[in-house]
Amino acid sequence: MARLARNLDFRHDRYDVIVVGSGYGGGVAASRLARAGKRVAVLERGREFLTGEFPKRFPDLRNELQVRGKRMNMGRETALYDVRLGEDMHVLVGCGLGGGSLVNAGVALEPDPRVFADEIWPGQIAQDGLLAEGFRRARRWLRPARDPRAPEHTKFQALATAGRTLGADPVAAPVVVNFEEAVNVAGIAQPACTRCGDCCGGCNLGAKNTVALTYLPDAVRHGAHLFTEAKVLSLARDGNGLWRVRIARLDVANGDVEITMSADVVILAAGTLGSTEILLRSQADGLQLSPRLGERFSANGDIIAFGYGARQPVNAIGVGHPPRVALDACVGACVSGQIELRDGADLTNELTVQEGVLPSALAPVLPVLFMPNGRLLGAVQSLVSGVYKGPFARLQTFFAVSHDSSGGRLVLDGERVTVSWPAAKDEPVYQKLDAILSKLVTEVGGQYVKNPLSSTLMGHQPATAHPLGGCAMGRDRDQGVVNHKGQVFDGRPGAGSNEVLPGLYVMDGSVIPRSLGVNPLLTITALAERAMLHMAQDLRLSFDDEPLPVSVPTTPEAPGVLASSEALSSDGSVFGS
């Protein structure tokens with residue numbers, strides 16, 4: 001597949017729409033608006049990774065790690081894994097063209113209906129019927145599937161053994177992975193999953209339905225311009241009613257070149273941290289927004305933990321593609337099975353525990369992480385095969401999602417956003433998950449390890465890979481930052497509580513005002529699809545979500561190669577005028 005991104009030297013100064021971020025929300029917005037004939041630019045802070053370019057060895061992975069905190073600042077801003085170390089909570093997100101879809105486990109679950117019945121949501125979410133259509137479209141484009149061979153995998157069987165202590169059997173988890181060869185909705189041929197386990201390290205086979213293989217190529221085929229290494233700093237509305245977006249170019253040697261681009265419409269889809277950070281910076285520069293900006297941060301009741309030394313084989317370390325070792329047993333996708341604990345009386349008691357896989361690039365350093373005091377028993381290189389055959393072949397990885405109070409707040413610490421949530425570690429969900437996971441591990445004869453890095457800078461703070469909130473939906477600006485359509489409320493004195501800033505939207509996990517109790521990718525995509533349906537109604541746009549034939553490679557690095565993108569808006573006028 002040809003590269004989708006073009007060099008920033010070939011940008012236009014003005015577009016109909018600028019989409020900031022290229023994850024699930026940004027991908028949906030770019031695809032749908034490009035299909036509507038609008039001139040669309042997508043700005044992504046990270047770099048583009050083609051299939052086969054994801055880290056295969058530990059040195060590759062180390063070079064794709066950026067870690068920011070009060071006591072640490074390492075790695076380039078475009079590195080694939082973005083770790084934010086906070087005083088109260090740590091956050092891990094993906095950074096690249098395709099956003100978090102590049103390195104997540106790809107689990108696609110719909111929340112319990114009681115989640116959307118919560119009064120914290122604007123009433124229209126449950127009332128207008130478009131959320132169900134949003135989920136339908138999200139499933140059509142991301143194509144979640146359950147591995148038909150899931151019960152054969154030893155990690156699934158280990159979870160089944162552990163689940164006996166809870167009286168629960170695992171089920172195959174729906175993941176956005178192809179288990180058969182197929183041509184996807186964007187017209188791209190994808191191979192069948194080899195079950196190498198490297199979903200969270202980046203799929204080097206191309207079997208995972210990332211945004212980079214679905215919505216984004218569709219946007220490009222309909223004329224969108226995609227730009228990488230473009231860090232959006234802030235935005236402001238000029239005297240002509242255009243949004244001016246201030247951008248730092250990260251693709252130049254000195255790294256301090258700023259440019260400006262303009263658009264009638266800006267859609268922030270830079271993720272929970274990114275979109276909130278951009279609006280907080282813009283607010284500091286004078287953009288008047290809701291006083292709720294930054295509030296209702298949720299970790300989605302997340303926990304990642306381990307069981308070390310189980311009696312039975314687990315085989316939960318990826319082998320990569322091409323495989324670095326030959327195993328007697330198949331690893332499977334990153335998540336093959338899950339245990340679902342339901343409570344019809346109390347939603348907060350519901351949780352899902354998934355068996356996970358560590359990426360193959362981490363294999364050489366696992367002994368350092370888990371051996372007492374990090375002591376290394378022999379040279380690292382001699383242990384590469386050992387982690388697949390020795391005690392690490394019985395290492396269990398657990399991903400759990402549940403519910404928390406959404407009591408955190410995102411605040412600016414210098415130029416970076418951080419989580420302020422002093423009571424986070426005392427959230428009841430963590431004690432509950434610790435107790436359940438400890439029982440699961442004990443059942444298979446293992447030792448529960450909540451955080452092998454607790455003696456390092458990671459400390460004992462909770463961590464999440466599913467940050468939500470910060471630009472939460474609300475009925476008006478006194479309750480939220482955006483309305484049910486993702487439109488940003490106008491915070492100027494004298495503006496009505498329901499008035500919005502013309503042409504400014506947010507479409508990503510930051511708009512979700514509470515925990516979901518499930519992995520959020522499907523909900524984020526569905527809410528973005530729903531928001532685009534409302535935008536089509538409001539602005540009289542026309543687009544569909546029909547599949548495309550097999551794609552023809554393009555070379556977007558060259559200016560003018562996508563002729564349709566040079567055209568005026570489909571109605572012959574300036575977008576939104």
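Reader: Where does Ser515 lie?

Author: In this predicted model, Ser515 sits in the loop between β26 (500-506) and α12 (521-539).

Reader: Is Ser515 buried or exposed?

Author: Ser515 has a relative accessible area of 1%, and because the cut-off for buried is under 20%, Ser515 counts as buried.

Reader: And which residues is Ser515 in contact with, leaving aside neighbours within four places in sequence?

Author: They are Val115, Ser298, Asn300, Ser402, His403, Asp404, Ser406 and Leu468. With His403 there is also a polar contact between the two side chains, at 2.9 Å.

Reader: A change of topic: how much space lies in the second largest pocket?

Author: The second largest pocket holds about 320 Å³. It is lined by 21 residues, and those closest to its centre are Arg68, Gly69, Lys70, Leu85 and Asp413.

Reader: Which elements give two or more residues to that lining?

Author: Those elements are β4 (65-69), β5 (72-74), β21 (409-413) and β22 (416-420). The largest share comes from β22, with five residues.

Reader: What is the lining of the second largest pocket by class?

Author: It has nine nonpolar, seven charged and five polar residues.

Reader: Finally, what pLDDT does the chain average?

Author: The average is 91, and 92% of the residues score at least 70. Over residues 373-382, however, the pLDDT is below 50, and this stretch has nine contacts beyond near neighbours in sequence.

Key. Residues are numbered from 1 along each chain as its sequence is written. This is a predicted model: local features need pLDDT of at least 70, side-chain atom pairs count only at pLDDT 80 or more; totals for chains, interfaces and linings use all residues. Side-chain values use heavy atoms; hydrogens and water are left out. On a 1 Å grid over the protein atoms alone, a cavity is a set of points where a 1.4 Å probe fits but cannot get out, and a pocket is an open set with protein on both sides within 12 Å along at least five of seven lines; lining residues have an atom within 4 Å of a point. Grid points are joined across faces, edges and corners, and a volume is the space filled by probe spheres set on the points. Helices (H or I, at least four residues) and strands (E, at least two) are DSSP runs, numbered from the N terminus. Ala, Val, Leu, Ile, Met, Phe, Trp, Tyr, Cys and Pro count as nonpolar, Asp, Glu, Lys and Arg as charged, and the others, Gly among them, as polar. pLDDT is the predictor's confidence in each residue, from 0 to 100. Contact means heavy atoms within 4.5 Å. Buried means under 20% relative accessible area, exposed over 50%, partly exposed in between (1.4 Å probe, protein chains only). A polar contact is a pair of N or O atoms within 3.5 Å; within protein, one must be able to donate a hydrogen and the other to accept it, and residues adjacent in sequence count only if both atoms are side-chain atoms.
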